[in-house]
Amino acid sequence: MKKIAIVMGSDSDLPVVEKAINTLKEFDVPFEVHVYSAHRTPNEAGEFAAKARENGFGAIIAAAGMAAHLAGAMAARSTLPVVGIPVKSTNLDGMDALLSTVQMPSGMPVATVAINGAANAALLCIQMLAITDEALAAKLDEARAKGAAKVLAANKAVEEKFNV
Ligand code: RP5
């Protein structure tokens with residue numbers, strides 16, 4: 001199976017990124033985690049992205065806050081799918097990172113998840129791998145069924161409490 005690369009702009013992003021790490025672990029998807037900054041270590045960030053395909057990665061998750069250019073910088077150096085996580089790290093509530101991540105020029109896509117949406121970033125990458133992996137697709141179906149059962153249990157409890 002291809003590995004997923006998880007790259008964050010600072011180790012201060014780790015509390016958010018851990019949700020992606022945990023999701024990949026739940027699905028037994030191999031991954032590597034790195035700290036590279038588009039601004040503070042541009043050479044290392046670019047080199048990592050440029051070599052990601054030959055190094056066995058299938059997709060890149062890039063998490064950054066503030067002027068969040070990491071996902072875009074990685075997309076510029078690789079034709080692997082890049083999933084951007086805008087991290088809430090300032091008093092702009094993550095809107096700065098969201099707009100910096102999502103507003104890519106045409107020809108250079110970044111699939112941007114919600115602010116701090118790290119679990120969805122991992123799930124999106126798992127869904128990409130599952131295009132050609134039936135066992136992984138079955139695990140996704142199972143997880144969706146569990147999620148649905150949880151909502152239906154909550155619905156039952158609410159209905160019983162409020163509906164006559
Ligand atoms: C971004 O700036 C990082 O991704 C982080 O979210 C934010 C703040 O970084 P630190 O000052 O905490 O290292 O580049």
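Which residues in H3 are buried? In this predicted model, Leu 70, Ala 71, Gly 72, Met 74 and Ala 75 of H3 are buried, where buried means under 20% relative accessible area, exposed over 50% and partly exposed in between, with a 1.4 Å probe and protein chains only.

## Basis of the model

The model is predicted, and local features need pLDDT of at least 70, side-chain atom pairs count only at pLDDT 80 or more, and totals for chains, interfaces and linings use all residues. Residues are numbered from 1 along each chain as its sequence is written, and side-chain values use heavy atoms, with hydrogens and water left out.

## Overall architecture

The chain contains six helices and five strands, these being DSSP runs numbered from the N terminus (helices H or I of at least four residues, strands E of at least two). Read along the sequence, these elements follow the pattern β-α-β-α-β-α-β-α-β-α-α, and the C-alpha trace spans about 65 × 40 × 30 Å along its principal axes.

Of the 164 residues in the chain, 39% are buried. The accessible surface comes to about 9,100 Å², with 57% of that area belonging to carbon and sulfur atoms; such areas come from the Shrake-Rupley method with a 1.4 Å probe, and for residues only the protein chains shown count as cover. Among contacts (heavy atoms within 4.5 Å) with a separation of 6 or more, 68% are between residues 24 or more positions apart.

## The parallel sheet

Five strands form an open sheet in the order S2-S1-S3-S4-S5, with parallel pairing; two strands are taken to pair if DSSP finds at least two bridges between them. S2 and strand S5 (111-112) stand at the edges with a single partner strand each, so one side of each has no neighbour in the sheet. Strands of a sheet pair through backbone hydrogen bonds, either parallel or antiparallel.

S1 runs parallel to S3 and is joined to it by six bridges, with Ala 5 partnered by Ile 60 of S3 and Val 7 by Ala 62 of S3. S1 also pairs with S2 in the parallel sense over five bridges, and here the bridge partner of Met 8 is Val 35 in S2. Strand S3 (residues 57-65) and strand S4 (residues 82-87) pair in the parallel sense over six bridges, and Ile 61 stands opposite Val 83 in S4. Five of the six residues of S1 are buried, leaving that strand mostly covered, while in S3 nine of the nine residues are buried, so S3 is largely enclosed by the rest of the structure.

## Helices on the sheet

Helix H1 (residues 14-26) packs on the sheet and touches strand S1 (3-8), S2, S3 and S4, its direction making about 175 degrees with that of S1. These angles run from 0 to 180 degrees between N-to-C directions, the axes being lines fitted to C-alpha atoms, for helices over the stretch in contact.

Helix H3 (residues 70-77) lies across S1, S3 and S4 and runs at about 150 degrees to S3. The buried residues of H3 are covered by elements that include S1, H2, S3, S4 and helix H4 (95-102).

## An aromatic cluster

A search of the whole structure finds two aromatic pairs, rings of Phe, Tyr and Trp (its six-membered ring) being paired if their centres lie within 6.5 Å, with planes under 30 degrees apart counted as stacked, over 60 as edge-to-face and the rest as tilted. The rings of Tyr 36 and Phe 48 have centres 5.6 Å apart and planes at 45 degrees, so this pair is tilted. Tyr 36 lies in the loop between strand S2 (31-35) and helix H2 (42-52) and Phe 48 lies in helix H2, so the pair ties together parts that are 12 residues apart in sequence.

The rings of Phe 48 and Phe 57 have centres 5.5 Å apart and planes at 55 degrees, so this pair is also tilted. Phe 48 counts as buried at 10% relative accessibility, and Phe 57 counts as buried at 2%. Tyr 36, Phe 48 and Phe 57 form one aromatic cluster. Lys 3 lies over the face of Phe 57, at 4.4 Å from the ring centre; a charge sits over a ring if NZ of Lys or CZ of Arg is within 6 Å of the ring centre and within 35 degrees of the ring normal.
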